[in-house]
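Colleague: I'd like to learn how to read a few features in a model like this one. Could we go through it together?

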Amino acid sequence: MSQETLEYHWGKHHRAYVENLNKQIVGTELDGMSLEDIIIISYNKGDILPTFNNAGQIWNHEFFWESMQPGGGGKPDGDLLELIERDFGSFEKFVEEFKSAAATQFGSGWAWLAYKANRLEVGNAVNPRPSNDDKRLVIVKSPNAVNPLAWDYSPLLAIDVWEHAYYLDFQNHRPDYILLFIEKLVSWEAVSSRLEIAKARDAEREGEEERKKRAEEEKMADSKGVEMYLDNDTDNSEVE
Amino acid sequence: MALRSVLTRKTTLGLGLRGIQTFSLPDLPYDYGALEPAISGEIMQLHHHKHHQAYITNYNKALEQLEGALAKGDTTSIVKLQSAIKFNGGGHINHSIFWKNLTPVREGGGEPPHSSLGWAIDTNFGSLEALVQKINSEGAALQGSGWVWFGLDKESKKLVVETTANQDPLVTKGQHLVPLLGIDVWEHAYYLQYKNVRPDYLKNIWKVINWKYASEVYDKESK
């Protein structure tokens, strides 16, 4: 990836998203909120609001820069490799699927490796029967500024396939750019540590949901006791 | 240079039911470098010879697969192919119009429209400047990839400015809409020359816009 590309991509495109979002949120209720909160609010369950494009693109680009390193590429190891082999069959098959997703995102957008936990793909639906089998790695592609936070997935790796990401270096040859990204740029270290964070966050969330469920069950059990007491009282008064 | 347009070539593919047309890349009515300095020859060559050609190649492929699916009554495939047809067929339609929307300065590029279209623009938008400003701001504001259009609504007889995403043709915004001018705002249309400064591309392209062509279409479609 040439210096010229980075100068424009980071120095102009990414910078413009930051400047424009700051202008958009100054004096509004979004001012002072975290970037991720702004993204979720302006994604608005799919009916996107004007701040979404800038907010999403800021997050996406930061994530993208950190997905790469000089002298990157090679293969992942440890937990990450295990999960990749489990969910895609082999590292090679994962690479093929990832390259294909990136090449077939029509128009502007991104391709992702994400940790899905046991979320559903529909924005505000709750998975009625969460199971450990649902906790998998998935490859997804998204248009324009959309990213997997919209589906409550944990992104692990991203490649920018807007034309500005590769046009100076590769012109229309997007597949060559994608190949280069995989072979020479990907930071598997970054992806691995994101996976650990994602799994930990997911475990914490499950624990919290368990606690909430138990607290509600206890509350219901208590209130049943009160009702029974009232019923007995009424019966007694009638007898008398 | 005369317009040599080799837009379609009938070919029967011998599949029994009927032949399908295959499409081929229309020639540009001017040299790649003829629109400089508004649009560089490098961009014109890539845009025409690589991007537009790729849409046509993939469109033909999708049509061939569609023919097979239709012959077998394979509804799943028929439905699955719709997005490839929309992307690539749309890309072919849009770019074919685009090449005609541009013309070198020495052949009238940039000369403002007169007579009926000129009058209609003044009526609908106040002035040509106002129209250009509207098109440019809509084009600059478009997120991601798409087109900004200046069109005629055949039913209401009104002139409109619209945008479409990706390669959606103008008709997807209204069945009575006819494109008079379309400006490609996909990054490939300007990046090598203008980089991230899409507004500069939009400012300069008016120097090579073919208003004569737009007027002809308007006269024909507004009868």
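Colleague: Let's start with B:H47. Which residues is B:H47 in contact with, leaving aside its neighbours within four places in sequence?

Modeller: Bear in mind that this is a predicted model. Contact here means heavy atoms within 4.5 Å. On that basis B:H47 meets B:H52, B:H95, B:F98, B:W99, B:D184, B:H188 and B:A189, once neighbours within four places are set aside. B:H47 itself sits in helix α1 of chain B.

Colleague: Is B:H47 buried or exposed?

Modeller: The cut-off for buried is under 20% relative accessible area. B:H47 has 1% relative accessibility, so it counts as buried.

Colleague: And where is B:H188 found?

Modeller: Look in the loop between β5 (177-184) and α6 of chain B. B:H188 is buried too, because its relative accessible area is 1%. The side chains of B:H188 and B:H47 are joined by a polar contact of 3.1 Å.

Colleague: What does B:H188 touch, not counting residues up to four places away in sequence?

Modeller: Both chains turn up in that list. From chain A there are A:E163 and A:Y167, and from chain B there are B:I43, B:H47, B:H51, B:Y55 and B:H95.

Colleague: Which residues does UniProt place under "binding site"?

Modeller: The unreviewed UniProt entry gives that feature to B:H47, B:H95, B:D184 and B:H188. These positions are spread over 142 residues of sequence, yet they cluster in space, with a largest C-alpha distance of 12.4 Å. Treat the label with some care, as such annotations may be inferred rather than shown by experiment.

Colleague: Now the interface. How many residues of chain B are in contact with chain A?

Modeller: There are 17 on chain B, facing 16 residues of chain A. Between them the chains bury about 1800 Å², with 61% of it on carbon and sulfur atoms. On the chain B side, B:Q143, B:E187 and B:Y191 lose the most area to chain A, together 32% of what that side buries.

Colleague: What about polar links across it?

Modeller: As for secondary structure, α1 (41-72) and α6 (191-194) of chain B each supply at least two residues to the side that touches chain A. Helix α1(B) gives the most, with four residues. By type, that side of chain B divides into six nonpolar, eight polar and three charged residues.

Colleague: How many salt bridges are there over all chains?

Modeller: Twelve, by this rule. To count, a side-chain nitrogen of Lys or Arg has to be within 4 Å of a carboxyl oxygen of Asp or Glu. B:K154 and B:E221 are one such pair, with their closest N and O atoms 2.7 Å apart. They link distant parts of the chain, 67 residues apart: B:K154 is in the loop between β3 (146-153) and β4 (159-165), while B:E221 is in helix α8 (residues 211-221). B:K154 is partly exposed at 37% relative accessibility, whereas B:E221 is buried at 17%.

Colleague: Which parts does the bridge between B:E162 and B:K173 tie together?

Modeller: B:E162 lies in strand β4 and B:K173 in the loop between β4 and β5 of chain B, so the bridge ties together parts eleven residues apart in sequence. The closest N and O atoms of this pair are 3.4 Å apart.

Notes:
Residues are numbered from 1 along each chain as its sequence is written. Chains are lettered from A and ligands numbered from 1 in the order in which they are written. This is a predicted model: local features need pLDDT of at least 70, side-chain atom pairs count only at pLDDT 80 or more; totals for chains, interfaces and linings use all residues. Side-chain values use heavy atoms; hydrogens and water are left out. Buried area is the accessible area (1.4 Å probe) that two parts lose on being put together, summed over both. Ala, Val, Leu, Ile, Met, Phe, Trp, Tyr, Cys and Pro count as nonpolar, Asp, Glu, Lys and Arg as charged, and the others, Gly among them, as polar. Buried means under 20% relative accessible area, exposed over 50%, partly exposed in between (1.4 Å probe, protein chains only). A polar contact is a pair of N or O atoms within 3.5 Å; within protein, one must be able to donate a hydrogen and the other to accept it, and residues adjacent in sequence count only if both atoms are side-chain atoms.
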